[in-house]
Amino acid sequence: MLKARVIADADFTISAVDPRIYGSFVEHLGRCVYGGIYEPDHEMADENGFRQDVLDLTTELGVSIVRYPGGNFVSGYNWEDGVGPKEDRPVRLDLAWGSTETNQFGTNEFMVWCDKAGVEPMFAVNLGTRGPAEAQNLLEYCNHPEGTLHADMRRDHGVEKPHAIKFWCLGNEMDGPWQTCARTAAEYGRIATETAKVMRWTDPNVELAVCGSSHREMPTYGAWEYEVLDHTFEHVDFISLHQYFENHENEVDRFLTVIDDLDAFISEVVSIADSVAAKRRSDKRIMLSLDEWNVWYRARSGSDLRAENWEIAPHLLEEVYNFEDALVVGGALLTMINHADRVKAACIAQLVNVIGPIMTETGGPAWRQTIFHPFAQASRFGRGTALRCKVETETFAAGKHEAAPCLLTAVVHDPDSGRATVFALNRSVDHEMELEVDLRNMGPRALDEAIELHHEDIKAINDRDTPDRVAPHAHPDAELEWQALRATLKPLSWNVFVTGAAP
């Protein structure tokens, strides 16, 4: 049996965990909107056409913020098409996904949905086919009270009070040749700067995120981040990271080390951002927004990636997740928690049907994919302050990683409630792990909940007929004495231990 020891001291902190790391993403892509969150003809649709079963699962998932309306879609999107009377809205070709967009769901519908779901909106502006003027007009439409062309247009559309949207993304993946009107770093840096200026002049309270590389393997990665931030540093608050995890080799041990790659990715972008600050002798720190991330590699080609006949809401990117995918998603969340000082927002992509934790059948039921569970538990229990832990664990070799730690862990302490949560991922394929956690300077503890996510078949999935095949259960072997937590972790298992102050 493997052995692992963790020391978590309440006095040694990383940072408060920003709840916005538990965000998601709704794009006009496939069945994410139409047939996902919005299906007026469904028996569970409310008066707005929103599926109540999807709303309920979104609440259970614990989503804090949702990015909208794209994604690749936004680089060809005219926001004006999605507001006003529905019968007057134009039908357009969506070049990003080879689909037909009816525009029956748009800005105001999304904001009503956010209110019902209890989530904060994160809006992206089109810096592909459009520019600063159109972005400023959209912000004015959304956030200005009244007395101007676009603010009064919103009021004429039945929305008297401003939406007060705070978080805005300046375009999407602008380095990608697949993007409508992709740009060089210099081109994008300039237009992002000018867009940021007019948006801040319109509403000084906005928070702005500039596009980083589309992924870590892009040929311009690193140089792109530096040049874009060199243009925009004084005008933005965040730089975005996008990362999708793949398992083409079908090797679970190597697949689990993509978590280590994410850890390196975050550290590298932090270093680049701080080098731009150092050049300016500035104490400003650019924060990171991991606003697209997930496992995605199966539904990524041919008819899974692009509609064939300009269909409306085709079945695209509908990744079916298995148990090993859930382990990777859990590990990625631990990585974000352990970088809580700089990762301040993140969006699992996407929310429903399209590489999402929630799956629906059009006209039928909705269910939780395997990856739903670690996300929901992290969002529920990972609130508070991330602690800087000392971890002793054995290692394994896989892929390019010669000494990957068998145990991945994060500990979050909430001084107000007294709760401390230990997340533990055993990445060993074959061996159980004897875990000991020393929870220091928190007073005597009581074990409130102990949860395990494990399945003997790493390829096990949840589907319409067996929606709970992979689901969390009470942990069978955990105890807490004073401040010492002890548990036995099964091979390839995700574990959550929630402690409170002892009575």
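Tutor: The largest share of the lining of the second largest pocket comes from α9, which supplies four residues. Please keep in mind that this is a predicted model.

Student: How much space lies in the second largest pocket, and which residues are closest to its centre?

Tutor: Rolling a probe the size of a water molecule over the atoms shows where empty space is left. Here the second largest pocket holds about 370 Å³ of space, and of the 16 residues that line it, Asp263, Thr335, Asn338, Leu408 and Thr409 are the closest to its centre. At least two lining residues come from each of α8, α9 (323-338), β16 (390-393) and β19 (407-414), while domain 1 (2-10 + 386-501) and domain 2 (13-385) each contribute at least three. By class, this lining divides into seven nonpolar, six polar and three charged residues.

Student: What is the lining of the largest pocket made of, by class?

Tutor: The largest pocket, with about 780 Å³ of space, is lined by 31 residues, and His215, Tyr244, Glu246, Trp296 and Arg300 lie nearest its centre. β10 (238-245) and α8 (258-279) are the elements that give two or more residues to this lining, with β10 giving the most, three residues. The classes are 13 nonpolar, six polar and 12 charged residues.

Note on methods:
Residues are numbered from 1 along each chain as its sequence is written. This is a predicted model: local features need pLDDT of at least 70, side-chain atom pairs count only at pLDDT 80 or more; totals for chains, interfaces and linings use all residues. Side-chain values use heavy atoms; hydrogens and water are left out. On a 1 Å grid over the protein atoms alone, a cavity is a set of points where a 1.4 Å probe fits but cannot get out, and a pocket is an open set with protein on both sides within 12 Å along at least five of seven lines; lining residues have an atom within 4 Å of a point. Grid points are joined across faces, edges and corners, and a volume is the space filled by probe spheres set on the points. Ala, Val, Leu, Ile, Met, Phe, Trp, Tyr, Cys and Pro count as nonpolar, Asp, Glu, Lys and Arg as charged, and the others, Gly among them, as polar. Domain bounds come from an automatic or database domain assignment.
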